Amino acid sequence: MTDPGPARITRIVIVGGGTAGWMTAAAMARLVESGVAVTLVESEEIGTVGVGEATIPSLLDYNRMLGIDEDDFVRATGATFKLGIEFRDWGRLGDAYFHPFGTHGRDVEGVAFHQLWLRQARLGRADMPGPIGDYCLSAVAARNGRFTRPSANPQSVLSTLSYAFHFDAALYARYLRDRAEAAGVVRIEGRVAAVDRHAGTGFIEAVRLADGRAINGDLFVDCSGFRSLLLGDAMDVGFTSWQHWLPCDRAWAVPSAPRDAPAPHTRATAEAAGWRWRIPLQHRVGNGHVYASDHVDDETALRVLLDGLDGPPLADPRQLRFVAGRRDRLWDRNCVAIGLAGGFLEPLESTSIHLIQSGIARLMSLFPDTGFSAVEIAEYNRQMLREYDQVRDFIILHYHATTRTDSAFWRHCQSMTLPPSLQAKLDLWAGRARIFREQGELFTPDSWIAVLLGQGIWPASVDPLTAGLPVAESAMFLDHVREMVAKTAEAMPRHADFIARHCAAP
Ligand code: FAD
């Protein structure tokens, strides 16, 4: 069934020129050749949120889809490579673990690798198997400051490596803008002051700029950031807050001068009422303190950030305010929200840019070229809302899986009632370390395992299938994997050398 609205979609209007706006425009530019006009409106006076520097490996797919040369992109955005995130002080003060991209070891005769590792660890071998991170190339390479690109040969340990980037988000938006404009996207500078909707159907007909110009369209993509001008304000789609699970609602951000060669990983250090990020780029380090304003005042939060810098600040600190949650629908009639206009999850696992990309990919795969279909819109919403909820659960896990009682903030996180979907996952893990990837789920069992074990959530037992593999043999297998991973990491170039050789920013 086709809903009311235009019979053919020939005019796309994107409101907002932040990361979401230009990522959408660069992808939609591919439609220009088939006669679709793509217009992007942005306001320099309003500006962008100006943060968002760490990504996850799925960004490689987006860049590939656009035919972007990776070295060129790294140079243009001052990027570094990211092999995962080092978490400090999360499970317990003084603890550290690594959430790597890529896989831990490999399964043996249908038995998951983590089950074998857990059995050896539970047996308390004299030579304990060591942290599970020792069996993941991305984790060991990151620890040693090494980087190279993965091998395409599935027999090679190097094929288990996976990576993403840290980059300057403003330079990335600029890079995409150049590509989008070259492909025919029209940029309009101006402030959207009003939205015209059809009196009967409620479809958006035009956005009206402060200077009186009207920009008419068939499909409107709301990339207006936290303002959510179209989906939130004009279409009045509700917002579900997740603040009871994710109480952090503010951040201070400041760049600092690099002191050492850039590490190929992000660092997330838990604080008394939130956490600090450290994101090394080629030319600077991005730092921030995400915190819950119910538990710490702004001034103290800023001091925590500045005291934690390991180089002099390069600009005045900026404060950002937000509420974790998402819109109840991300596509309503002829309006789709992508980026912060649709929802916000704090950057603990660097998922916002991924959610932008996944919104774009789904919109492209359900593109309403011959008019709007209620069924397709419902499918888009079903898939996107599910993905938001799954990412939310993974982020909540980091807060909940702690034994920290040193502040009211951590006591709250430890004792809060979890979303049923996360509770079910933890219950399943608690028995025999069973963990499954739900349909469409972003984070793999390897990611869940890294955080669960890293934060001290041990299962009661292991999978009975492990009994089919003799203990001595699996101990030898573990030793072999660990050794191969260590040797491979050792042979990789230093991260800084790799960048200098292939993709140093000018
Ligand atoms: P914005 O950047 O806010 O862009 C909104 C655009 O809309 C701007 O161009 C603005 O000018 C325009 N606009 C607004 N109102 C009007 C109007 N009336 N008329 C015309 N134009 C208008 N994500 C990650 O993936 N990794 C991270 O490490 C990360 N860190 C983050 C840290 C913090 C503290 C925060 C708050 C977010 C972080 N994010 C991160 C999220 C990331 O910043 C955003 O997802 C990303 O920048 C996309 O933002 P956006 O384009 O939706 O909004």
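**Exercise 1. Determine which residues Gly 17 contacts outside its neighbours within four places in sequence, and whether Gly 17 is buried or exposed.**

Leaving aside neighbours within four places in sequence, Gly 17 is in contact with Trp 22, Leu 40, Glu 42 and Ala 173, where contact requires that the C-beta atoms of two residues, placed from the backbone, lie within 7 Å. The model is a predicted one, in which local features need pLDDT of at least 70 and side-chain atom pairs count only at pLDDT 80 or more, while totals for chains, interfaces and linings use all residues. Residues are numbered from 1 along each chain as its sequence is written.

Finally, Gly 17 counts as buried because it has 29 C-beta neighbours inside 10 Å; the term buried asks for 20 or more other C-beta atoms within 10 Å of the residue's own, exposed for 12 or fewer, and partly exposed lies in between, with C-beta atoms placed from the backbone.

**Exercise 2. Describe the shell around the ligand and locate the ligand relative to the domains.**

Begin with the count: 39 residues surround the ligand, and the closest are Gly 16, Gly 18, Gly 52, Gly 225 and Gly 339, a residue being near if its C-beta atom, placed from the backbone, lies within 6 Å. The shell divides into 19 nonpolar, 16 polar and 4 charged residues; here Ala, Val, Leu, Ile, Met, Phe, Trp, Tyr, Cys and Pro count as nonpolar, Asp, Glu, Lys and Arg as charged, and the others, Gly among them, as polar.

Then assign the contributions: helix 1 (19–28), strand 2, strand 13 (250–256) and helix 9 (352–365) each supply at least two residues, with the largest share, 3 residues, coming from helix 1. Because domain 1 (11–53 + 168–243 + 324–390) and domain 3 (250–321) both give residues to the shell, the ligand lies between them, the domain bounds coming from an automatic or database domain assignment.

**Exercise 3. Work out the strand order of the open sheet of 6 strands and identify its edge strands.**

The order of this open sheet is 7-2-1-11-20-19, with mixed pairing, and two strands pair if DSSP finds at least two bridges between them. The edge strands, each pairing on one side only, are strand 7 (186–189) and strand 19 (331–332). Strand 2 (residues 37–42) pairs with strand 7 in the parallel sense over 4 bridges, and one of the residues to check is Thr 39, whose bridge partner in strand 7 is Val 186.
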